[in-house]
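Have the picture open as you read.

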Amino acid sequence: MDKNQIITLDEFIIHRQKDFPYASGELTGLLRDIGVAAKIVNREVNKAGLVNILGVDGNSNASGDEVQKLDMYANEKLITCLKNSGECCGIASEENEDFIPMPTVESKNAKYVVLFDPLDGSSNIDVNVSVGTIFSIFRRKSDANGDVTLEDFLQKGSEQVAAGYVLYGTSTILVYSTGRGVNGFTLDPSIGEFCLSHRDIKIPDRGNYYSVNQGYYLKFDVEMRRYIDHCSDMNLRLRYIGSMVSDIHRTLFQGGIFLYPNTRKYPQGKLRVLYECNPLAFIVEQAGGKAITCQLERILDLQATELHQRTTIVIGSPAMVDEMEEFVGRYTVVPT
Ligand code: AHG
Ligand code: MN
Ligand code: MN
């Protein structure tokens, strides 16, 4: 293939469909729906500052108080795009208490559920810092002729058939995997298409960065504090954006480690298993990295029992996650 040839996201996923022997095109359609929603969200994210100043949406005041929150907007757009195409039978979102069954579309027998964090890092929007959308796709467990059930959403991350994220950064990039490597597509605003820009992404074995909210240092368990001290002793550079998706994106490309341990406020960890940790762990593992909890369980093996379950997470370059594991073995205080 000509190296200079532009491959759009649509072309790429249609081409890849051939990799799945029994694929009906449904998964391809879902990924395309997410791509469309991402373009719409991207447009709004890019004019977020203007909306607040100018009140473009017609019902806002000068301070922007009544402007619809962008994470709710992103949530609605994703739901609408997924509903219209009829390719999925249910969705679960970080922004909704319960899962939402999708109406059946005639002639379609939708067998996938989609879970997402519509806008991750949303506290960063007002200050022009990158945010993203994270998504996760499973094949339903329940009978295709009946209603979608909670068990369809509470599957282990290792059962994901696809996962990915869209980062609305200096440029907008969609990164996804269907379990056969990871590819990245950068949005070319001049033609409005995501174009293949990063083929078969591999995470470096180690990197020069560590990423953790060091402000909580004193609230972490001793083994985490020792590991963070070690990162500092090694002269690693601390980078913490406060949008997990952006921190993971950097870690994926430049190598490093991202940690969100338990604190007093979040004894189980803060980040959500289904909407944040599973999909990002799937991507990182597919790129050759590792993702575990502070108790050293593999993220993708966790069995969530509720939709909004949280977990601790340590994720990134494989050699660095292994090293952190050693620290846990060495410093964990066993209660007597
Ligand atoms: P969200 O915007 O979807 O609620 O997620 C925010 C998350 C995550 O993106 C980020 O890594 C983390 O919260 C930051 O938390 P702290 O401010 O506690 O470090
Ligand atoms: Mn989030
Ligand atoms: Mn969110």
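Asp 120 and Glu 276 are both buried, meaning under 20% relative accessible area with a 1.4 Å probe, protein chains only. Donors here are N, O and S atoms within 2.8 Å of the metal (3.2 Å for Na, K and Ca); water is not among the atoms, so sites may look incomplete. Asp 120 sits in strand 3 and Glu 276 in helix 8, 156 residues apart, so this pair links distant parts of the chain. Helices (H or I, at least four residues) and strands (E, at least two) are DSSP runs, numbered from the N terminus.

This is a predicted model: local features need pLDDT of at least 70 and side-chain atom pairs count only at 80 or more, while totals for chains, interfaces and linings use all residues. Residues are numbered from 1 along each chain as its sequence is written, chains are lettered from A and ligands numbered from 1 in the order written, and side-chain values use heavy atoms, leaving out hydrogens and water.

Which residue coordinates both manganese ions? That's Asp 117, and the two ions (ligand 2 and ligand 3) are 3.7 Å apart. Ligand 3 is coordinated by Glu 94 (OE), Asp 117 (OD) and Leu 119 (O), at 2.3 to 2.4 Å. Glu 94 comes from the loop between strand 1 (88–93) and strand 2 (100–101), while Leu 119 is in strand 3 (residues 112–120). Both Glu 94 and Leu 119 are buried.

## Around ligand 1

Ligand 1 is surrounded by 16 residues, the closest being Asp 120, Asn 213, Tyr 216, Tyr 240 and Tyr 260; a residue counts if one of its heavy atoms lies within 4 Å.

Asp 117 turns up here too: one of its polar side-chain atoms lies 3.1 Å from an oxygen atom of ligand 1. For Tyr 216, a polar side-chain atom is 2.7 Å from a ligand 1 oxygen, and for Ser 122 a backbone N or O atom is 2.9 Å from one.

Five strands make an open sheet with mixed pairing, in the order 10-9-11-15-13. Strands pair if DSSP finds at least two bridges between them. Strand 10 (237–238) and strand 13 (290–292) are at the edges with a single partner strand each, so one side of each has no neighbour in the sheet.

Terms used:
Buried < 20%, exposed > 50% of the residue type's maximum accessible area, 1.4 Å probe, protein only. Polar contact = N/O pair within 3.5 Å; in protein donor to acceptor, adjacent residues only side chain to side chain.
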